[in-house]
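Reader: I have a model open and want to learn to read its chain contacts. Where do we start?

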Amino acid sequence: MGEFIVTLLTGLSSAAALFLVASGLSIIFGVTRIVNFAHGSFYMLGAYIGVTAVTAVGGGAVGFWVAILLAAVAVGLIGVAMEILLLRRIYRAPELFQLIATFGVILVIQDVTLWIWGSEDLVGPRAPGFTGAVTILGQRLPEYDLVLIAVSPLVLAGLWLLFNRTRWGTLVRAATLDRQMVSALGVNQRWLFTGVLFLGSALAGLGGAIQLPKGGADLLMDFNIIAAAFVVVVVGGMGSIGGAFLAAILIGLLQTFGIQIFPNSTLILMFLVMAVVLIFRPWGLLGKPEIPGHGVVEAPEAPLRPAGRGLRLAGALVLAVLLLLPVAHLAVPAAVDDFLLVLVIDIMIFVLFAAALHFIMGPGGMVSFGHAAFFGGGAYAAALLVKFAEAPMEIAFWAAPAGAALLAILFGWFCVRLTGVYFAMLTLAFAQIAWSIVFQWGEVTGGDDGILGTWPSDWASSRIAYYYMTVGFVVAGLLALRRMLFAPFGYTLRAGRDSPLRAAAIGIDIKRHQWIAFTISGAFAGLAGALFVYSKGSVFPTEMEIARSFDALLMVLLGGVHSLTGPIVGATALTWLNDLFSELSYWRFLLGATIIALVLLLPDGLAGLGDTWLARRLGLAAPASGSGANGQETPA
Amino acid sequence: MKVKYVLTAGVALGVLSGALASSAPALAADEIKIGDINSYTRLPAHTVPYRRGAILAIEEINKAGGVLGKKLVFVSRDDQGKPGEAVKVAEELRSRDKVALVSGSLFSHIGLALASWAKQRKTLYLAAEPLADALVWAKGNNYTFRLRPSTYMQAAMLAAEAAKRKDAKRWATIAPNYAYGKDAVAAFQKVLKKLRPDVTFVGSQWPGLFKIDAGAEVQALAAMKPDAIYNVTFGSDLAKFVREGRTRGLFKGKLIVGLLTGEPEYIDPLKDEAPVGWLVTGYPWQDIDTPAHKKFLAAYQARWNDYPRIGSIVGYNTMLAIQAMLKKAGSTDTDKMVAAMKGLSFDAPTGPITFRAVDHQSTMGAYVGWTVLKDGKGTMERWQYLDGANYLPSVEETKKLRKQ
Amino acid sequence: MTALLEVDRLSKAFGGVRAVQDVSFAVNPGELLALIGPNGAGKTTCFNMLMGQIRPDHGAILLKGRDIAGLPPHRIWRLGVGRTFQITATFSSMTVRENVQMALISHRNAGRRLWRPAAGTETAQADALLDRVGMAEQGDRACSVLAYGDLKRVELAIALANDPDLLLMDEPTAGMAPRERIELMRLADEIVAERKIGVLFTEHDMDVVFAHAHRIMVLNRGELIAEGTPEAVRANEQVREIYLGSSVEAGQA
């Protein structure tokens, strides 16, 4: 009995930090509709600033709590800075574009934190007066656990009072329900948003600082918390603080009891919960269905036009350069070295991966946060066939798109029932489940030791042969995807995105169509995975990680989701920048800053650049028509 | 508006030309380049000391005139903690920087990816720190060698010591939920069971790496009522586990064995909360009395104004191994270097080291002892240096493990 | 003559509120039937049930003798029911012609073809339909830049693409200028006469209703309170009471 009670209380206390972080994320999303990936970084900053503040303030019990609050306020102000300097300038950009900006912020914060606090983990200071343990029926429970158990309901109550008893809170609630109406009422949205960013970020900072006596500060905290925070927000229902509270407790308790019964479940449990909740309650426990047209009204996409002469010429030129590169390598190896071919192979693979994701994200309007499941899933399908059947490349290679397609059929069946952020989060949940199966099932997949020895057959094993093979598959893949978008299939897909109401009213079974598109996209991601696994000679669970999914997401968004050239430009730019910067010591800072700069300069994505200035100079784009559309579409 | 685009295009052009300029480095005839890959952004706490140790060795070697009349050049690159990235960087080092060999890496999966790559590209790879047993056994290949004592060796050392404690019969384990953790537990169980058939393993906990829910794990371990606990957690997991376990009284009256727990990387951040009385592997750098180590320690502190971590000594030894190998090979031809690596012996600050010809594993050992608190800091006492050679399987057994 | 659409005791409640209760009526081919009533009378709920957006609690919807209650919208459309919306719903990333082509492609069950470009398919038919609604010249323009009245016409062309037997029009003239209203309804009259389509429409503008409807049904608080020719409905006491004279009188003028 004592064991049970103490385990229960332990679960409740571990829910506390999770709730604080998740409630902040939920508030920010509810009002601004920004999926703030940098929220985990704010949590990390809360911890680091907390350690510094406790040392600086000193002075026993009072000093400790003053320092914790100071850390929260400081992080809140950092959130404000991010809002004013960055987010405020891109609210009008396409939905989810802000996501890349926050991703840039993550990278910058990582390096700044490393630079300020160094690489060694910091152990958190203990809370004066709460360093011991209480004994409950013969079982010991740290006193600080009781503090944490008390904090969540207190914060929840405080937030309730704020939102229900103050004018500001009422406005925030109104904005959560209908942003346009609030601005129609003449409320200054800017300061409302700034205030919300302060509150949300301060809660993340508080979460990071308040867990110090249980842990400390380290450089991996940001990524470690962010997935869990999203799970809590989604399970609770986006924008619902009560839901976040409930979900944090649910997950806290499930984790605590779960690892006693299934010690191996640590990786998968949370995402299983999220998948189950979303399948049965598509808007989370306490969430409400999205009101259509709630978010920013986006400028409509311009109609699809076949490639003009200029663009065909540019495409032919790029292709010619690609085909001639190995020749140049043989002729002048000093200028065109072997590694350039390696780099181009890498770039081409990610171009195909990004284009596959774009297929459902752009024309389909379905944002997947878990596309690495198909990239990595395909790579594993091929590698497993090599490992267990010793299949030659000519056979195993095809297992990748086929395996990825099967996986996409399975995941897609559940996912297409949802829309928007919930769709995205369910793809993330499935990707994580797939990842943890691969990670955990060592006997078959090799766990995180991966599968080695997946090298091409002899005829393709030379660099130049594999280069041509990659270029061939990627170009064919891109043309096929493009062809499908210009075919009735692509039109129907866009129809479902433009107006689900109208699409259904002309006999289109949208969900089924999206399911097919999801499968096609998965298959092409799997094809990219096949090229990847044979170019690296090995595959590891890393290829199915969240980070890999975000790579693709970033490429599509950075390139411009409304353009068919977007994923090509985005993947090329990002892979190349990554390679360029990674030789430098603070490359994350540089990459993050570059991403932020690009976001600010080019809110339509990199392809937006091609569509406007450069394109008009070179006569690539059609002259701006009187249609008033932004000319986002430049088919390649 | 236009200014904006001109600006962007200008930035893009600038970056492009920079990239082209950097792509054609000159290859000096009087240098030997070593391409070193490690997880500098993912786990800087461990890899930065490694790089410092390596650079110190390179500087000393060059000051003494280099090797084969050439200077050693240390080209250090980040793998971002991703195997795919590591392979790409290895390609770049090989074809663009024209390195003679590749060294480094900390994570096992990255080590394995590089080993597979080394075999395919017929390039020598000296794995510095990845601990996976598979690297030299199940997945071993002709081009891959490893310096640091593997998971199996370190676990076997601890198990041999732990077996001497007759009162510890019920064992529980806790290890991060990934290959290293699983291997470390399996090796420990295997060796301990062999030495002490009377022990039972009552349960295992597997927290996610760097995602431990310490309170819950401690509760779960307590519920198993063990006499002894074998801990493989490290880094931030270890800090949380130790704090939670102590507050909840988990460690009281139990024998606790900690793999790597005594390494400065992991015990130092705990400061005065470092565990006391644990049987651990580690690196008691303050107390190692051999002249060779004293010389290393003084040089390291003079060069970096900091004390060495286990990563430092591994980095240092790695470069010493490369120096010895080059001398023996007399060339940077890969086949000759591989031949030289087999059976290579050299003297390191930690003692003599030999690379076994049978599995390419070095005999570098580990320091095993008991944790203690000294001047508000955790360190080791009653420690001894155990030579790795005594904890490796016999040649016959190894041949079976190494399929090829 | 059998009715095109027969609705029998259709009911729907939201929570405790009865939005539509035991509503029964029939639509005949070539007939323009108006469904009117004050705000919140249940017109839209009724419409959405006919089109499959909402599943009725009970009651039958027989289209050409087949019960379609509870079918999803895309299935109902395939049985020959076209629809226009109160707030126009078109595909904003497509041109006017492509919008109509889209409906034609779907009608031919060609929406999953992956290879042949869509641009060349069904062009002639699309242009014919656009010509019918007077939008032939604007075929190449993006739908997102059209005037509202023109969008309504495009919607009509889309709705006619599957050669429907029944057309459901939710407030066809809402948001239009008076002249546009007259033109659009004249167009609807012509098309009904040509194709013998049955049309059920809701409308706020009583001028439009009394000028164009062949029959009128009046819905109040979810119940059908009157049904008949415009003259009969105009004379109905209960209807007069609900509308308190204003609209009806205006219609008399």
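Author: Start with a term. A salt bridge is a side-chain nitrogen of Lys or Arg within 4 Å of a carboxyl oxygen of Asp or Glu. By that rule, nine salt bridges cross the interface of chain B and chain A. One of them joins the side chains of B:Lys225 and A:Glu3, at 3.2 Å from N to O. Before going on, note that this is a predicted model: local features need pLDDT of at least 70, side-chain atom pairs count only at pLDDT 80 or more, and totals for chains, interfaces and linings use all residues. Residues are numbered from 1 along each chain as its sequence is written, chains are lettered from A and ligands numbered from 1 in the order in which they are written, and side-chain values use heavy atoms, with hydrogens and water left out.

Reader: Which chains share the most contacts?

Author: Contact means heavy atoms within 4.5 Å. Two pairs of chains are in contact, and chains A and B share the most contacts. There, 76 residues of chain B meet 80 residues of chain A. Chain B and chain C do not touch; 24 Å separates their nearest C-alpha atoms.

Reader: How many Å² do chain B and chain A bury between them?

Author: Buried area is the accessible area (1.4 Å probe) that two parts lose on being put together, summed over both. For chain B and chain A the value is about 6700 Å², with 54% of it on carbon and sulfur atoms. For chain A and chain C, about 3000 Å² is buried, 64% of it on carbon and sulfur atoms.

Reader: What does chain A use to touch chain C?

Author: The contact takes 34 residues from chain A and 37 residues from chain C. The count of salt bridges here is one. A:Arg502 and C:Glu155 form a salt bridge through their side chains, 2.6 Å from N to O. Helices H18 (463-486), H19 (488-498), H20 (500-504) and H21 (510-536) of chain A each supply at least two residues to this side. Helices here are DSSP runs of H or I with at least four residues, strands are runs of E with at least two, and both are numbered from the N terminus. H19(A) gives the most, with eight residues.

Reader: Now single residues. Is C:Thr173 buried or exposed?

Author: Buried means under 20% relative accessible area, exposed over 50%, and partly exposed in between (1.4 Å probe, protein chains only). C:Thr173 counts as buried because its relative accessibility is 0%. Its place is the loop between strand S7 (166-170) and helix H6 (178-195) of chain C. Leaving aside neighbours within four places in sequence, C:Thr173 touches C:Arg181, C:Leu184, C:Met185, C:Glu203 and C:Val208.

Reader: What should I check in the backbone?

Author: Most residues other than glycine have a negative phi. B:Lys122 has a positive phi, near 50°. This residue sits in the loop between helix H4 (108-121) and strand S4 (125-127) of chain B. B:Lys122 is exposed, at 52% relative accessible area.

Reader: Where is C:Asp22 found?

Author: C:Asp22 is in strand S2 (residues 17-27) of chain C. Phi of C:Asp22 is also positive, near 50°. C:Asp22 counts as partly exposed, because its relative accessibility is 41%.
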